[in-house]
Amino acid sequence: MVDKELKGLPMELSEKGGVENNGFVQNEAFDDRDTDTSSQDEIPKTCAVDVSPAAVAEPALQPYAGMPKEVLLKFSSQARYRVTREILFWLTIAAAVLLVSATIAIIALSPKCLDWWQDGPIYQVYPRSFKDSNMDGNGDLKGIQEKLDHITHLNIKTIWITSFYKSPLKDAGYGAEDFYDIDPMFGSMRDFEDLLASIHDRGLKVIMDFIPNHTSDKHQWFQLSRNRTGKYTDYYIWQDCVQAGAAISAPNNWVSVYGNSSWQYDDVRKQCYFHQFGKEQPDLNFRNPAVQQEIHDVIKFWLGKGVDGFNFIAVKFLLEATHLRDEPQVNKSQNPESITAYSELYHDYTTTQVGMHDIIRSFRQTMDQYSSEPGRYRFMGSDSDEKEDIEATMMYYGTTFVQEADFPFNLHLINMKNLSGNSVFEAVNMWMKNMPEGKWPNWAVGSPNTARISSRFGSEYVRVINMLLLTLPGTPITYYGEEIGMENIASENVTSPEKSPMQWNGNLNAGFTKGNSSWIPVNSDYESVNAEVQMTRFNSTLNLYRELTLLRNSELPIHRGWMCSIWNDSDVFVYVRELDGLDSVFMMVLNFGQESTIDLKAIVPDLPSKAVVRLSTDFSNNGKAVDTTIIKTDVGEGLVLEYKTGKPVHNMEAFRENCFVAEKACYSSAFNLLYMNC
């Protein structure tokens, strides 16, 4: 019995009176400082007990919670714990390396993200006709600010405001009197800063026009130049000439864009100055480095204000030949004295001269200085207007190594003489085939200098043309009012019928102004054709425009995929938008002629027998299934068909020459991301 009790006693006794510790905190009662070692009588003597060796053998020590470092080290050096620890360590290292490698691979293989000027439509505003805020009958900058909600409702991401510099307003204000100031008609610099802040607060961007080729004859530079003042003496192009009454003996036969001689005699300087446009718009001398520096300073001023980009207008006129030779006549037999029209000469010496592109590249370099901040890339467009020479137009993109414009504005759809499936195909194909690889296209169907769609081709084609604009690859550009189908005003006394005031509602003056009148008349159809009434009408032109922008923003194949033309005739133009890796394909069937029926499966044998109408110019057709062997379209009808296939058109030999992609990308369904090398 005693032996059993002794076996239950702890084997490890404290040297100080046999007190047991077992790894727990020592009780204060047994603290060394409180123990009186001199009083031996109070400390019980240890008893000598006869215990067998087996009973006093130390039991196997096991890991336990709270064990001290010395005990922990005994176990950590054992193989089973050391190997496990090393395996976990190297697995962690491998996982980290794999994660970093995957991140680098994703970044390396991912296509370039579309920039803001590629990511959505551009909305062009002619400020004098958009919205009047002070009842003087002229649109202004505050008026644009009032109507920003309309622009965001359309899913527009960029606003392009045409010229609003201080100007005598000759030629729509494109001859600036002061590049650093706002014309009082449109407001003040404070108004512009407020507008810019409001635009940026909504996540939008703004670009503005800039015409560096010439100024107004009211500009201070010209006034100093005509008086031969200092460095300004050669800011313009001056030549000796003789005036005899109303006629002048010009240096050569060069003709203004607006007709008659390009040379105008100045009574102050007693010389002729050169003007490519109106006589009130003298051309700057870009062979003078000081002039180039002045223009760079203007660019920096507006970029410093926060402007997101420029459209440089009339850049092909920047330089003229210094030899001043007569330009060749179109009709060699015409009497040289009778030449007055611009079209009667070949303009070999007054447009696109050697060195002109170098100047444009220098503009790009200045803008790049303001593009270093993330999300603050500064867009540069150019108005080339090379109607017949597509190769000359494409040069404005720059080269592989030297960039110029992000894109020259595409006027091919605007310049169509007639509307048909064939003419639309030719305009689209011409641009896409000639565009340099890796560059970005753009499309416009209206402008301040062109009759509106309804007036050019008929109101029945407005919707299908908007559908074309918003489903082609690249950046679509919409002139204000085209989203509701505005027409030119029918008035013989108006010189710019396409600039009629924006029709906001059915109130007096279409809601453009609360004043008694507008600077030019409002179209008489404003009570039925206006933004307010179309906002509430289910199948309106405005709501179709909005649905198209939503579709474009939400579907990758339309946003940045391949475009393949598969059929065109006098009535219809058919093309697909598809993306490698996605089995969802969109096919546009657009009618620009008369009622048509087409067998698409006969054209593309691998086409599924059924497709779904994702969006139609007639909303009642949305969601319907159609037979691809019998696709019917009415006059001006457009269909966006959606179908599934594993055989994309751009891989088919029969269509390969009519397939194009700007920013190539492929979709991985496994990782739900885009990549390049496919």
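**View 1. Strands β9 and β10 pair in the antiparallel sense in this predicted model.** Strand β9 covers residues 263-266 and strand β10 covers residues 271-274, and the two are joined over four bridges. Together β9 and β10 form a hairpin with four residues between them, and in the turn K270 has a positive phi of about 65°.

**View 2. Helix α14 passes helix α16 in a right-handed crossing.** The axes of α14 (residues 462-471) and α16 (residues 541-554) come within 10 Å and cross at roughly 15°. Because angles under 35 degrees count as roughly parallel, α14 and α16 are therefore roughly parallel to each other. On the α14 side the contact is made by V462, R463, N466, M467, L470 and T471, while α16 contributes T541, L544, Y545, L548, T549 and R552. Sorted by class, this contact of α14 with α16 has six nonpolar, four polar and two charged residues.

**View 3. Seven strands form an open sheet with antiparallel pairing.** The order of the strands is β21-β20-β23-β18-β17-β16-β24. At the edges lie β21 (625-627) and β24 (659-660), each of which pairs on one side only. Within the sheet, β18 (residues 584-591) and β23 (residues 638-644) pair in the antiparallel sense over seven bridges, and the bridge partner of F586 in β23 is E642. Helix α16 packs on the sheet, where it touches β18, β20 (610-616) and β23, and the direction of α16 makes about 125° with that of β20.

Methods
Residues numbered from 1 in each chain as written. Predicted model: local features only at pLDDT ≥ 70, side-chain atom pairs only at ≥ 80, totals over all residues. Heavy atoms only, no water. Pairing = 2+ DSSP bridges. Axes fitted to C-alpha atoms, helices over the stretch in contact; angles between N-to-C directions. Parallel < 35°, antiparallel > 145°, perpendicular 65-115°, else oblique. Left-handed = near helix turned anticlockwise from the far one by under 90°. Contact = heavy atoms within 4.5 Å. Nonpolar A, V, L, I, M, F, W, Y, C, P; charged D, E, K, R; others polar.
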